[in-house]
Amino acid sequence: MSWHLYILSFIFITAGIFHFIRPKAFMRIMPLYIPYHRLIVYLSGLAEILAGLGVLFMATKTISLWGIVIMLILFFPVHIHMLIHKKASLNLPKSILVFRLLLQFGIIYWAYQYI
């Protein structure tokens, strides 16, 4: 297995864990039109952890990588919301928020190339 997949796995497992450590920060960045913020934060954190772990095993690698691609696409509205609304921006500079949004495309490509 490529060392790149270990890094991708680490990133998603770590991000997922932070959904449980700092749920309020994740709830703060969610658009108001999305219901059940707390539940979605916990479910998305769990999904990130499971996808990150799944990348490590041949039996679950492909489905986990597809899950990562789908999650990253589904997270686009949150990144756009952060860019547009000051309160959701976590006081990050606009340049960081734009970079973060563009980074999504890179991570999608990264995961997709191993499918």
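Pro23 touches Phe18, Arg38, Val41 and Tyr42, leaving out residues up to four places away in sequence. Contact here means heavy atoms within 4.5 Å. Pro23 sits in helix H2. Pro23 counts as buried, at 12% relative accessibility. Buried means under 20% relative accessible area, exposed means over 50%, and partly exposed lies in between (1.4 Å probe, protein chains only). Pro23 and Leu39 are 16 residues apart in sequence, yet their C-alpha atoms are 9.7 Å apart in space.

This is a predicted model, in which local features need pLDDT of at least 70 and side-chain atom pairs count only at pLDDT 80 or more, while totals for chains, interfaces and linings use all residues. Residues are numbered from 1 along each chain as its sequence is written, and side-chain values use heavy atoms, with hydrogens and water left out.

**Helix packing**

Helices (H or I, at least four residues) are DSSP runs, numbered from the N terminus. Axes are lines fitted to C-alpha atoms, for helices over the stretch in contact, and angles run from 0 to 180 degrees between N-to-C directions.

| Pair | Angle | Axis distance |
|---|---|---|
| H1 and H6 | about 130° | 11 Å apart |
| H1 and H4 | about 55° | 13 Å apart |
| H5 and H6 | roughly 165° | within 9 Å |

Angles under 35 degrees count as roughly parallel, over 145 as roughly antiparallel, 65 to 115 as roughly perpendicular and the rest as oblique.

Start with H1 and H6. H1 covers residues 3-21 and H6 covers residues 94-112, and they pack at an angle of about 130°. That makes H1 oblique to H6. Their crossing is left-handed. A crossing is left-handed if the near helix is turned anticlockwise from the far one by less than a right angle, and right-handed if clockwise. From H1, the residues His4, Ile7, Leu8, Ile11 and Phe12 meet Ile107, Trp110 and Ala111 of H6. The residues of this contact divide into seven nonpolar, one polar and no charged. In this scheme Ala, Val, Leu, Ile, Met, Phe, Trp, Tyr, Cys and Pro count as nonpolar, Asp, Glu, Lys and Arg as charged, and the others, Gly among them, as polar.

Next, H1 and H4. They pack at about 55°, with axes 13 Å apart. That makes H1 oblique to H4. H1 passes H4 in a left-handed crossing. Leu5, Leu8 and Phe12 of H1 meet Lys61, Leu65, Ile68 and Leu72 of H4. The contact residues divide into six nonpolar, no polar and one charged.

Then H5 and H6. Their axes cross at roughly 165°. H5 and H6 are therefore roughly antiparallel to each other. The crossing of H5 and H6 is left-handed. Phe76, His79, Ile80, Met82 and Leu83 of H5 meet a set of H6 residues including Leu97, Val98, Leu101, Phe105 and Ile108.

The largest nonpolar core has 17 residues. Such a core is a set of buried Ala, Val, Leu, Ile, Met, Phe, Trp, Tyr and Cys residues joined through side-chain atoms within 4.5 Å. Leu8, Leu65 and Ile68 have the most contacts inside it. H1, helix H4 (61-74) and H6 each give two or more residues to this core. Leaving aside neighbours within four places in sequence, Leu8 is in contact with Leu65, Ile68, Ile107, Trp110 and Ala111.

Ser9 also lies in H1. Ser9 is buried, with a relative accessible area of 3%. Beyond its neighbours within four places in sequence, Ser9 is in contact with Gly52, Leu53 and Leu56.

**Loops**

Tyr36 is in the loop between helix H2 (23-28) and helix H3 (37-54). Tyr36 has a positive phi of about 55°, although it is not a glycine. Tyr36 is exposed, with a relative accessible area of 63%.

Leu90 is in the loop between helix H5 (76-84) and H6. Phi of Leu90 is positive, near 55°, in a residue other than glycine. Leu90 counts as partly exposed, at 32% relative accessibility.

Thr60 is in the loop between H3 and H4. Thr60 counts as partly exposed, at 30% relative accessibility. The C-alpha atoms of Thr60 and Leu50 are separated by 9.9 Å, and the two are 10 residues apart along the chain.
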